[in-house]
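My notebook is open and I am ready to look around. Here is what I looked up, step by step.

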Amino acid sequence: MSRRTHFPALGRVIVVAVLIAAGISISAAVVPRQGHGAQLRAGAEAGEEHEATRAIRGATCGVERWPVKTLSDPRARQIAFAARPATVRRLGALRANPGGQDTRGPLESRVFSVQARIVRVKREPDSDYHLVLWQGGATMIAELPAGGCTPGAQHRSAMARARAALEHALGGPVGESWVHLSLRVRVAGVLVFDFPHGQSGHARNYAELHPVTGFRVLTGSR
């Protein structure tokens, strides 16, 4: 009776295992396309934020839609900076219609102002201050870019004043760990629809006030 070797079957098992391993590593490296509805980056399902960064004159800054998020895109000059009163819930219910890397969607040239509570804040890897705003059970994000990441931007001084006002309210610069608080504020900023990348406190439609151009702590807020 002759014996048959089963190396071909074993080889198929090895090939399948290699392909599975390769598939996992490839999916972990996928970077979503810009705009709303993009897939989450690897690890985002655990609530950990993942977004590419780059260096600008020594500062660590963002990449995705960065011209739009820092008012350095071609249409930033056309933005009407008179803030429209809104609520967190209302902005979170808008139909998401974002533009591209340096272009704006129909609603992304408007400035809105909300009265809400900051419930969490931290500094992100792209140097933005990430605020989670809460109002009436709804949340959304507001972002304050670092001055080193906004060279040549429109309304750069307004962004810097808003960031300084937040630091003054909190007693100094914000660190990389979450600070939990309940600070009643009025925040004004340009509406931007972000893509999902594991960010904490996002609105249902990923609407953000980004960048923040006005920040004020309301009396009796703590």
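**Entry 1: ring pairs.** Before searching, I wrote down the rule: rings of Phe, Tyr and Trp (its six-membered ring) pair if their centres lie within 6.5 Å. The model I am reading is predicted. How many aromatic pairs does a search of the whole structure find? It finds zero.

**Entry 2: charges over rings.** Next I looked for arginines over ring faces. Arginine 163 lies over the face of tyrosine 129, 3.6 Å from the ring centre. I also noted arginine 120, which lies over the face of tryptophan 178 at 5.4 Å from the ring centre.

**Entry 3: the nonpolar core.** I then turned to the largest nonpolar core, which has 30 residues. Among those with the most contacts inside it are Ile118, Leu166, Val187 and Phe215. Several elements each supply at least two residues of this core, including helix 3 (88–92), helix 4 (156–170) and strand 8 (207–217). Which strand gives the most? I found that strand 7 does, with six residues.

Entry 4: I picked valine 187 and left aside its neighbours within four places in sequence. Among its contacts I listed Phe112, Leu133, Ala142, Leu209 and Phe215. I also came across a second, separate core of eight residues, which includes Leu71, Ala76, Val111 and Met159.

**Entry 5: alanine 164.** Alanine 164 is found in helix 4. Why does alanine 164 count as partly exposed? The reason is its relative accessibility of 41%, because partly exposed runs between under 20% for buried and over 50% for exposed. Last, I checked alanine 164 against phenylalanine 215: they are 51 residues apart in sequence and 9.1 Å apart in space, C-alpha to C-alpha.

Note on methods: Residues numbered from 1 in each chain as written. Predicted model: local features only at pLDDT ≥ 70, side-chain atom pairs only at ≥ 80, totals over all residues. Heavy atoms only, no water. Phe/Tyr/Trp six-rings, centres within 6.5 Å; stacked < 30°, edge-to-face > 60°. Lys NZ or Arg CZ within 6 Å of the ring centre and 35° of its normal. Core = buried A, V, L, I, M, F, W, Y, C linked by side-chain atoms within 4.5 Å. Buried < 20%, exposed > 50% of the residue type's maximum accessible area, 1.4 Å probe, protein only. Helix = DSSP H or I, 4+ residues; strand = E, 2+ residues; numbered from the N terminus. Contact = heavy atoms within 4.5 Å.
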